[in-house]
Amino acid sequence: MSALPIDEPTENAIEGVVMPLRLPRVEELPAPAAEAVAEKLEDSLPDEGGNLEVLPDDEQAAEVLEGRVLVDQAASVPTTHRLAVLRDLRTDRPPVIPMWLRSREAAAERLRWEAEHAGYVCAYHTLRVPAYAGRLLRRSPRGLAWLVRDVARWVRDVETAPLRAGTIQRNATGEYLLVAREHKTRVRGRLIQVGIAALVAVVGGLLVNVAAPGWAQWGSLAAVLALLGKYGTPRDKQVFDRPVMPARVQRLTSDVVERALGAIGIAELAKAAAKHEIEFIAPIREDGPGWRADVNLPFGVTAADVMEVRNRLASALRRPLGAVWPEPVSEAHPGRLVLWVGHEEMRKQAQPAWPLLKAGRADLFQAFPYGTDNRGRWIPVELMFGNALIASMPRYGKTFALRVLLMACALDPSAELRLWELKGTGDLKSLEQVAHRYGSGASEEVLARALADLREVFAELERRAEVINDLPADLCPEFKVTRQLADTRALGLHPLVLAIDECQELFAHEEFGPEAAKLATAIIKRGPALGIIMLLATQRPDRKSLPTGISANAGIRICLRVMGQVETDMILGTGAHKSGIRPSLFTRNDKGISWTVGLADDPLLAKAAYLDAKTSDQIAKRARELREQAGTLSGHAIGEQPAPAIEHDLLADVLAVVGPEEEKIWNSRVAARLAELRPSVYGQWSGLDDAERTAAMTAALRPFGVQVGQVWGQLDSGDGANRRGFARADVVRLVSERRRVRAAAG
Ligand SMILES: Nc1ncnc2c1ncn2[C@@H]1O[C@H](COP(=O)(O)OP(=O)(O)OP(=O)(O)O)[C@@H](O)[C@H]1O
């Protein structure tokens, strides 16, 4: 009775909601209740003819027994449950068409693999033919001796000797006579058979010797010797060497998986493995260039627990770390594990050419291929309505990853590109010919231009918001940009891509940083719905280099090799390390390989398409042609400089907000007043805190030569404090000087 199904879904009191309800097992009930339940259950069991009496639904669902509700179900399976079972089966069942037959590339890869393997085995044995021949020759005399011995034993009917001896020992005369007669007949028959065989052999030998050509004689001799050699091979030895298979062709079997899972230091797994209780829910099969095992881990063990110790698992499987990839299946349950073991390390797998390399264009409203996963499948990325953050230690492929995204953006001729490559090595130079704004390097001049660009994009954000707000509901039902709206040039809602490589140069800059961070935070938060996409790459994901307001709003995160847990969590989100994602386990050679979140339900392993400088140039040229045809080349690409900022005179504005009675004043106060005076010019300062306003004002005053230093002033609370500020007289002097110079120049 205790094997009754429990925890079946049961309709609870909330209308229409099916909730699993844990009900008491029979043995948990008080004795009278248990008896009554047992009776009831007996009623519901099949009768002798196998017929089941099914109670009416509501009776089954809520039998009340002494104040306790019995909802254990009889054998009938509710439709909802059946659907769930079918759905579950669909996720687990192996594909009808094997993975390797699904694409031309996969089939070619498989054939290549088979041919390579066959070639390897042939070459291996061919090279060893002399050794095999020598071995057979050496063993042939022993083979002859053993043959004679075995034939003699057979003729003498040795196998019945114990039987005959037994009858003698038991004094069973009758039985003995019967067995002895049978023995005699057998021996005679066998002697005749051996005689005929010997005669055939001798005659055949003579015939070959007399009539057959030389090669046939030698061939026959070799065959006889080979057969004798094989016969003379002891059972524990072999004629042919077994090639020690290269690791990549070793098959993954359930024994291997079980042994490995049991050896990675998880107690429950070790117990289950020892009892062979690891549940394989589908046959182990080839999936892309590797083997795949689908496993239900023991209760309470999660896929993340296994992912955490991937290096131990690789050791237990005796495979290179880069070929062992335990993965969760979140659509099933946390204890479902897919263990994928590649034939070779991910970094060594041949990557097919990027599908947009030679032809085609991208549409940023649709997904485009970014890179391949560990099974060699293309990973699609949809950038529209998202932002991306790419981070890693230096030299592991950030810029290459960013380049793939930008090449796709470039191949969408409607997209406006604003590119800031702050490393200064010209990694994005090929895209200069299609960029609306472009800067390379970390000089003050480039950083100032990048900041000005952020201001421009921020202003564009406001404009787009107004345009969308004014659109009729039928044109813009979701209040966000659509392909149709983006193509309506007059609206100016085309995709705008703002990319900053090594963005820490800007965000950690003493003067420009605070303002840049505020602007970028606003853009990354509000941009997606307005068709503005931000792509950031950095080698320093700390708070100063990448303010949390920015990193927290990046939907797509690409994390290449990093040092450890802190960086992993900073880039991929808190808890990423704990859930078993370990970009710190990438090796020195795993360039371009990343863990990515935001591209699918589960984190994905991705190797960005490899686009070197030459191929990038070719793609960028094609992108320029597409833009020329579409008439969308603009800005830097056609030699236009940014439109001058709205005419204003900072020093005059300062004097307008600082009266003569304020001899010295704090920067932050002036910035706040300027933001009110001219929101269109200084509006972005209104969102900054005091320290940020101080820095922004210092940066703005510097080109005019206004001395900024410590100034004593009063806080709103009335307390005195020292803050950075300037003397009004300084500004007055500079304005007068400027007037004098202008007057002198006529
Ligand atoms: N997808 C890839 N496949 C193969 N190799 C790659 C890939 N991506 C990058 N690499 C290799 O890694 C090297 C470094 O790449 P990249 O310049 O993008 O690194 P980075 O992280 O931007 O470096 P830095 O921190 O200096 O800016 C490249 O020269 C290239 O050889």
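**Briefing: coiled-coil segment, sheet and core**

Residues 444-471 are 96% helix and 0% strand, with the end C-alpha atoms 40 Å apart; helices (H or I, at least four residues) and strands (E, at least two) are DSSP runs, numbered from the N terminus. UniProt lists residues 444-471 as "coiled-coil region" in an unreviewed entry; its positions are given in the numbering used here, feature names are shortened, and annotations may be inferred rather than shown by experiment. The model is predicted: local features need pLDDT of at least 70 and side-chain atom pairs count only at pLDDT 80 or more, while totals for chains, interfaces and linings use all residues. Residues are numbered from 1 along each chain as its sequence is written.

**Chain overview**
- The chain has 25 helices and 22 strands.
- Of its 746 residues, 32% count as buried (20 or more other C-beta atoms within 10 Å of the residue's own, with C-beta atoms placed from the backbone).
- Among contacts with a separation of 6 or more, 66% come from residues 24 or more positions apart; a contact means C-beta atoms, placed from the backbone, within 7 Å.

**Open sheet**
- An open sheet of mixed pairing is formed by 10 strands, ordered S11-S10-S19-S18-S17-S12-S16-S15-S13-S14; strands pair if DSSP finds at least two bridges between them.
- Strands S11 (378-381) and S14 (437-440) are at the edges with a single partner strand each, so one side of each has no neighbour in the sheet.
- On average, neighbouring strands are turned by 25° against each other, direction ignored (axes are lines fitted to C-alpha atoms).
- Strand S13 (residues 416-421) runs parallel to S14, joined to it by four bridges; Glu421 has Ser440 in S14 as its bridge partner.

**Strand S12**
- In strand S12 (residues 388-391), Ala388 and Ile390 point one way, Leu389 and Ala391 point the other way, and all are buried.
- In a regular strand, side chains alternate between the two faces of the sheet.
- S12 pairs in the parallel sense with strand S16 (residues 532-538) over four bridges, and Ala391 has Thr538 in S16 as its bridge partner.
- Strand S17 (residues 556-559) is also parallel to S12, with four bridges; Ala388 stands opposite Ile556 in S17.

**Nonpolar core**
- The largest nonpolar core has 144 residues, of which Leu405, Leu406, Ala410 and Leu417 touch the most other members; such a core is a set of buried Ala, Val, Leu, Ile, Met, Phe, Trp, Tyr and Cys residues joined through C-beta atoms within 7 Å.
- Helix H13 (residues 398-410) gives the most to this core, with 10 residues.
- The core lies between domain 3 (368-638) and domain 4 (650-744) because both give residues to it; domain bounds come from an automatic or database domain assignment.
- Leaving aside neighbours within four places in sequence, Leu406 contacts Leu417, Leu428, Leu431 and Ala499.

Definitions and conventions: Buried ≥ 20, exposed ≤ 12 C-beta atoms within 10 Å, placed from the backbone. Contact = placed C-beta atoms within 7 Å. Axes fitted to C-alpha atoms, helices over the stretch in contact; angles between N-to-C directions.
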